[in-house]
Amino acid sequence: MTEAVLLVGGKGTRLQPLTINTPKPMVPAAGVPFLAHQLARARAAGVRHVVLATCYLAEVFEPYFGDGSAHGLRLTYVTEDEPLGTGGAIRAASDALGAAPGDPVLVFNGDILTGLDIRRLLHRHEQAQADVTLHLTRVADPRAFGLVPTDADGRVLAFTEKPGRPEEIVTDQINAGCYVFRREVIDTIPAGRPVSVERETFPGLLAGGARLHGVVDTAYWLDLGRPASFVQASADLVRGIVRSPAVPGETGEHLVLPGAHVEPGARLGGGTVVGAGAHVAAGAEVEGSVVLDGARVEADARVRASMVGAGARVGARTVLDGVVIGDHSDVGADNELREGARVWCGMSIPDAAIRFSAV
Ligand code: GDD
Ligand code: MG
């Protein structure tokens, strides 16, 4: 039986205001909490026990996911009182694992959407007889990630988290946020204090001569840390560009959840999802966006690449492009918001109050 630890305790600061009331992994993507996609993908790869390492808003996970049986898994919840960092969380979660010292344990960051072949990663871990095997991906600008150069055999040469100096940018291979640990290696992480797996554990293991193996994979990969990538991930799931068994319906240009009301003459496209109890009025156009439960998009509004929070309202003829509207906010008619604008939860914007000028 394969076990996994899922790191879901971060504050999701870069996703605010979506993460004010909801931890990042519980924000819906393609109609279900993002975490449901990760669990479904793990299960499909043969994982049967997942330890959720929770901290920020820890209490909301269990009421939704319960003991995991509805998802074909056994779920165990481990909660840190104070954030222990990625490494500290993995160490705390390990007490709940049944794996023997030599067994592989999967570890996932809780904000990654990927088409990675998890079974293949496990296989490569065995072949390499590694202490830790890391999924790596290539990105154009690696500065916001952990840089992981490898030799021709895949052996990890260094681990540099979020390099600050230009001379540190020695590769475009980054840590993709999924690892296979030999269980006994997890138990070498100090318990009960904050530890960064990226800044402390990996460099320390390398310095001590441990075998870290990197597997570069070209499958779909997206970090959902920012609103634009979160919305993109949801749209890609709806359209089937990346597959998840947890999408509640057929893949296509849009997904309308039961209990939503889309008036004739409204146009939905680009992988838009409309949540339960939400309303999209005639003449509205919603493209590549997430409209959460109970939200309203009024007549002739144009919403693109945006997230409309639960119970929020977008007034008639208002234009949103690349915007986050917090839960229960009210954006009046004839506004124009673009490019990274974020309306905090419960705020009101009067009619015709905001215009956008590119210069
Ligand atoms: N339980 C717990 N406790 N979880 C935590 C904590 C904590 O104290 N801190 C962070 N996490 C969880 C987050 O919820 C997230 O799922 C994961 O750990 C990674 O944290 P992020 O805050 O999203 O890190 P990042 O995106 O800046 O960088 C990480 O991911 C990159 C790939 O997206 C690093 O692992 C990088 O090396 C990597 O390239
Ligand atoms: Mg992240």
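Is R183 buried or exposed? R183 counts as buried, because its relative accessibility is 10%, where buried denotes under 20% relative accessible area, exposed over 50%, and partly exposed in between (1.4 Å probe, protein chains only). This is a predicted model, in which local features need pLDDT of at least 70 and side-chain atom pairs count only at pLDDT 80 or more, while totals for chains, interfaces and linings use all residues. Residues are numbered from 1 along each chain as its sequence is written, chains are lettered from A and ligands numbered from 1 in the order in which they are written, and side-chain values use heavy atoms, with hydrogens and water left out.

**Salt bridges**

- The whole structure contains 21 salt bridges, each defined as a side-chain nitrogen of Lys or Arg within 4 Å of a carboxyl oxygen of Asp or Glu.
- One of them pairs K24 with D111, with 3.0 Å between the closest N and O atoms. This pair links distant parts of the chain, 87 residues apart: K24 is in the loop between β1 (2–7) and β2 (28–29), and D111 is in the loop between β6 (104–109) and β7 (112–114). K24 and D111 are both buried.
- R165 and E168 form a salt bridge at 3.4 Å, N to O. R165 counts as partly exposed because its relative accessibility is 48%, and E168 is partly exposed at a relative accessible area of 23%.
- R183 is joined to D187 by a salt bridge of 2.9 Å, N to O. D187 is partly exposed, with a relative accessible area of 35%.
- R296, E298, R313 and D330 belong to one network, joined by salt bridges that share partners.

- H49 is part of strand β4 (residues 47–54); strands are DSSP runs of E, at least two residues, numbered from the N terminus.
- H49 counts as buried because its relative accessibility is 0%.
- Leaving aside residues up to four places away in sequence, H49 touches M1, T2, E3, A4, L73, R74, T76 and A96, contact meaning heavy atoms within 4.5 Å.
- The side chains of H49 and R74 are also joined by a polar contact of 3.4 Å. A polar contact is a pair of N or O atoms within 3.5 Å; within protein, one must be able to donate a hydrogen and the other to accept it, and residues adjacent in sequence count only if both atoms are side-chain atoms.

**Ligand 1**

- Ligand 1 is surrounded by 26 residues, the closest being E80, E161, N175, E198 and D223; the criterion is a heavy atom within 4 Å.
- A backbone N or O atom of G146 lies 3.0 Å from an oxygen atom of ligand 1.

Terms used
Helices (H or I, at least four residues) and strands (E, at least two) are DSSP runs, numbered from the N terminus.
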